[in-house]
Amino acid sequence: MQFYLNGFRPGDPAIRPADPDAHPAELPDEVDVLIVGTGPAGLVLAAQMAEFPDITTRIVERREGPLDVGRADGVACRTVEMFDAFGLAESLTREGYWINETTFWGPLADQPDRIARTGRVQDVADGLSEYPHVIVNQARMQALLLERMAHSPSRLAPDYGFEVSDVAIAGDGSHPVTVTLRRSGDPTGATEDRQRLVKAKYVIGCDGARSQVRRALGIDMVGDARNHAWGVLDVFAVTDFPDIRMKAVIQSADGGSLLIIPREGGYMVRLYVDLGDLDPHDRDARSRFTATTIVETAQRILHPYFLDVKDIAWWSVYEVGQRLASRFTDADPADETSIPRVFIAGDACHTHSAKAGQGMNVSMQDGFNLGWKLAAVLRGRSPQGLLKTYEQERRGVAQELIDFDVKWSEAMAAKPADPNDPGSSGMSATERQEIFSAGGRFTAGFSTDYQPSIITGRCIHEHLAKGFPVGERFHSSPVIRLADAKPVELGHQATADGRWRLYIFADTAHPRSPQSKASALCRYLESSADSPISLYTPTRADLDTVFDVRAVFQMGHRDLAIDDVPEFLFPHKGRFGLIDYEKVFCADVAGGSDIFDQRAVDREQGALVIVRPDQYVAHVLPLDAYEELARFFAQNMIEHPGQ
């Protein structure tokens with residue numbers, strides 16, 4: 001974390017100075033961005049937009065205040081990486097329960113009314129991430145995002161007590177979307193002082209599975225209900241079940257299943273309890289379940305172990321079902337020139353069961369994907385066509401989520417195979433464990449692979465840095481900062497500020513050598529009229545305003561002098577022209593975590609790894625591929641006026 005760029009300021013440096021024009025007290029009649037809903041997708045999007053006080057952003061919520069108790073709790077490794085960009089990963093890993101291993105239980109062959117452990121696996125495979133899979137209540141995660149917003153330059157805060165009654169899109173005008181809001185609790189909106197019209201350039205519906213924004217756009221949800229019920233409870237219990245503080249998948253002889261998720265704090269436990277099939281003609285079937293009947297079902301599944309529930313913090317019953325929105329924006333899919341003005345994200349566009357633990361995670365990634373794109377367009381740095389990539393990228397991810405959820409839900413609800421009859425139908429505990437292990441990369445959040453587009457290149461040069469696959473998230477690795485010899489994670493130096501990252505992995509030539517491709521690239525970026533920095537950085541702005549260029553050299557930090565490094569990598573910034581010393585790194589040669597080895601970077605040629613503002617690898621290029629570099633950004637950025 002860097003601060004004091006423009007001089008010393010007392011107090012907590014995480015609370016940045018407020019922009020003088022930030023966040024008027026009253027909800028304005030016109031805004032640039034209106035976010036509807038303060039769920040996971042809405043708050044990640046709002047936290048991203050809060051970084052840009054020059055963009056008027058507001059977020060409305062039908063509830064009268066922030067969430068107290070959230071339903072979701074599983075935080076994938078990829079989500080923790082994203083929270084690191086907001087400076088919040090430390091809080092998650094400090095407070096959360098770490099899921100290290102998952103155990104599997106099934107009926108005994110000779111005593112089918114009793115269960116026994118059948119397997120045990122590492123929850124997240126080695127090398128996938130430097131962060132763990134953690135359990136943190138959704139309400140706490142949202143509180144962290146609200147705090148980040150409150151400490152941002154824009155001081156963004158939700159406008160509570162407003163719900164959407166209509167969304168209308170005009171064909172032209174600077175603010176073509178009109179949203180009719182009414183005060184919560186007024187179903188008709190007839191009272192004049194309880195109704196507001198807000199005009200916006202862009203509207204994002206993050207208002208859940210019953211999204212009013214989606215309904216106003218006439219977007220259908222496509223999919224099926226499974227007519228199978230599950231109960232979920234957060235309990236404080238006394239038990240002799242040995243894996244009560246482990247994530248445990250339990251299959252009983254009668255077909256009932258139980259998923260145990262230990263909660264943060266060391267005492268509370270979440271139980272997902274299989275309640276069986278529902279009669280599709282009985283509309284009240286789900287409502288007849290009670291907390292008592294759910295606990296009794298869990299007790300039967302756990303036999304011969306006892307479960308004495310002392311207190312229930314929260315419980316609910318839901319039906320398994322998977323649905324996907326037919327489209328994610330108002331844009332006409334048949335018209336290539338149609339630019340989206342209204343978007344939906346999170347549960348508003350994909351719903352599924354909770355057992356895969358991906359709903360909140362995928363929703364937050366929706367918001368992270370869209371936020372930097374809106375900022376780039378509104379700030380005049382990218383063409384409006386950039387916004388079309390939101391649906392192109394996120395709908396495929398949502399479909400993958402639905403497909404996985406179908407498979408995992410069926411595995412969780414499957415009747416057990418008879419261990420004494422090899423030809424019997426059903427699923428064994430071993431088969432269920434194999435399905436879980438096969439989906440490990442997906443549940444960790446690392447299966448996303450964006451396809452080529454205006455912001456993601458082709459894999460022509462991926463061999464130069466095989467550990468940074470194009471379209472996948474940038475996988476961090478340890479490095480040593482040259483200026484102060486501090487060991488850091490390279491990926492953790494990037495913040496959620498809307499900037500592109502250019503990582504120069506140096507070739508073998510010494511940076512002072514005329515043969516150094518890394519130094520030649522620095523000269524091109526700094527001096528060439530065709531370089532992206534020259535073309536797209538605003539006049540008189542800091543050199544790294546749009547592109548954050550960082551370099552990693554192969555030699556140890558004691559073998560490279562600061563004077564040997566191109567001055568371009570130590571830019572002068574802020575009102576005093578202070579030098580930024582935190583852009584140059586060396587491989588951790590002595591520590592045995594050499595990033596060139598870990599990420600398979602070609603040592604002879606080096607590589608330029610281009611990373612999008614949402615932490616995904618956009619391109620891998622040779623260090624001397626100047627024309628390819630220029631062409632890539634020419635398709636997704638706008639030259640600054642006067643350049």
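Here is a short tour, with something to select at each stop.

First, some ground rules. This is a predicted model, where local features need pLDDT of at least 70 and side-chain atom pairs count only at pLDDT 80 or more, while totals for chains, interfaces and linings use all residues. Residues are numbered from 1 along each chain as its sequence is written, and side-chain values use heavy atoms, with hydrogens and water left out.

**Stop 1: two helices**

Select residues 77–85 and 359–378: these are helix 2 and helix 7, packed at an angle of about 40° with their axes 10 Å apart. Helices (H or I, at least four residues) and strands (E, at least two) are DSSP runs, numbered from the N terminus. Axes are lines fitted to C-alpha atoms, for helices over the stretch in contact, and angles run from 0 to 180 degrees between N-to-C directions.

Which residues of helix 2 meet helix 7? Show R78, T79, M82, F83 and A85; across from them are N361, M364, Q365 and F368 of helix 7. Contact here means heavy atoms within 4.5 Å. The residues of this contact divide into 5 nonpolar, 3 polar and 1 charged.

**Stop 2**

Next, find the open sheet of 3 strands in the order 3-7-4, with antiparallel pairing. Two strands pair if DSSP finds at least two bridges between them. Strand 3 (74–75) and strand 4 (97–99) are the edges, each pairing on one side only. Strand 4 pairs with strand 7 (residues 133–135) over 3 bridges. Click on I99 and look for its bridge partner, H133 in strand 7.

**Stop 3**

Most residues other than glycine have a negative phi, and most peptide bonds are trans. Now zoom in on H303 and P304, which are joined by a cis peptide bond with omega of about 15°. P304 is in the loop between helix 6 (291–301) and strand 16 (307–325). Then jump to A485: its phi is positive, about 60°, although A485 is not a glycine. You'll find A485 in the loop between strand 19 (478–481) and strand 20 (487–489).

**Stop 4**

Select strand 21 (residues 500–505) and strand 22 (residues 547–553) to see parallel pairing over 6 bridges. L502 has V549 in strand 22 as its bridge partner.

**Last stop: an annotated span**

Finally, select residues 448–639, which an unreviewed UniProt entry annotates as "domain: Phenol hydroxylase-like C-terminal dimerisation". UniProt positions are given in the numbering used here, feature names are shortened, and annotations may be inferred rather than shown by experiment. The end C-alpha atoms of this span lie 30 Å apart, and the span is 15% helix and 20% strand.

Terms used: Ala, Val, Leu, Ile, Met, Phe, Trp, Tyr, Cys and Pro count as nonpolar, Asp, Glu, Lys and Arg as charged, and the others, Gly among them, as polar.
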